[in-house]
Amino acid sequence: MKSNLRYGAKLSAAAAVVGAAVLINPAAAQNAAPQNDAWTFTFSPYVWFSGLGGEVTNPHGSETFSADFGDIFGTMKFSYMGLVEARRGNFSLLTDFMYLNLQQGVPVPGHGAYGGASARTQSVEVSAIGLYTVAEASAGRFEVGGGIRGWWFDTELKLDPGALPGRTQSASTSWADPVIAARGVLRLNDKLSLTAYGDVGGFGVGSEFTWQTFATLDYKVAENATVSAGFRYIHIDYQKGRNDISLQMAGPIIGASIRF
């Protein structure tokens, strides 16, 4: 019988990335650094329309999989995604939080021994990234820094009674990755700007290696409000014990920001 690790790994992967956190705030980046030492704060809810693909290897074998955003969205019971940026002078602290609760039916293991099966996954992503402005002019600015990004997954596989009694299996995993990051902003005019971001991390501390990049076009709709749209890609290579998860996610992102 297939173990819950295979299903859990696949659903955890989906939970980790669908609508996953944009690790910096592209909309807030459009605003110039404050000209005094007062703190400013920006709240940014967002959605990442990501598909995913990759390979999961565990003690029971390996499996390659892929899903588009529509496949993943249909399993979602609840989600929350948001980012807060605190900025003072040349320094920014970005804190990102994502919670996803997915549930779906899965192929019944055991060749008819069970009447049905469903899997439920909860995942949390939390990150804290510090960036420092090393260069700024009227045309834009460039920032470098780093921080930490943590993942937590909890997966439950429920097998309905059939020829065999029903039962429930569960598994949890978590890790934290150090990351090195950079962000650049190019101001096109008073309303429009381009933002580019990239980071690398893991280094065997949590995952073996992870990296991401994205670019957005940001439009200032008011003095303290911005909307953004762009594209994001992320890769995660996680290897611990006999479990090996390699994921690639890509898709458009949209968001809005309010600064106060």
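Started with Glu85: its side chain and that of Arg183 are joined by a polar contact of 3.2 Å. For the record, a polar contact is a pair of N or O atoms within 3.5 Å; within protein, one must be able to donate a hydrogen and the other to accept it, and residues adjacent in sequence count only if both atoms are side-chain atoms.

Housekeeping before going on. I am working on a predicted model, where local features need pLDDT of at least 70 and side-chain atom pairs count only at pLDDT 80 or more, while totals for chains, interfaces and linings use all residues. Residues are numbered from 1 along each chain as its sequence is written, and side-chain values use heavy atoms, with hydrogens and water left out.

Back to Glu85. I found a polar contact from its side chain to the side chain of Ser92, at 2.8 Å. Glu85 sits in strand 4, residues 76–88 (strands are DSSP runs of E, at least two residues, numbered from the N terminus). Buried or exposed? Glu85 is buried, at a relative accessible area of 3% (buried is under 20%, exposed over 50%, partly exposed in between, with a 1.4 Å probe and protein chains only).

Next, the rings. I searched the whole structure and got five aromatic pairs (rings of Phe, Tyr and Trp, the last by its six-membered ring, with centres within 6.5 Å; planes under 30 degrees apart are stacked, over 60 edge-to-face, the rest tilted). Phe41 and Phe260 have ring centres 6.1 Å apart and planes at 25°, so I noted the pair as stacked. Phe41 is in strand 1 (residues 40–48) and Phe260 in the segment after strand 12 (243–259), so this pair ties together parts 219 residues apart in sequence. I checked accessibility too: Phe41 is partly exposed at 33%, and Phe260 is exposed at 62%. Ring pairs also bring in Trp39, giving a cluster of Trp39, Phe41 and Phe260.

Then the nonpolar cores (buried Ala, Val, Leu, Ile, Met, Phe, Trp, Tyr and Cys residues joined through side-chain atoms within 4.5 Å). Which members of the largest core touch the most others? Among its 23 residues, they are Ile129, Trp151, Trp175, Ile236 and Met249. Strand 12 gives the largest share of this core, four residues. Another core, of five residues, lies apart from it and includes Ala113, Ala117, Leu157 and Leu159.
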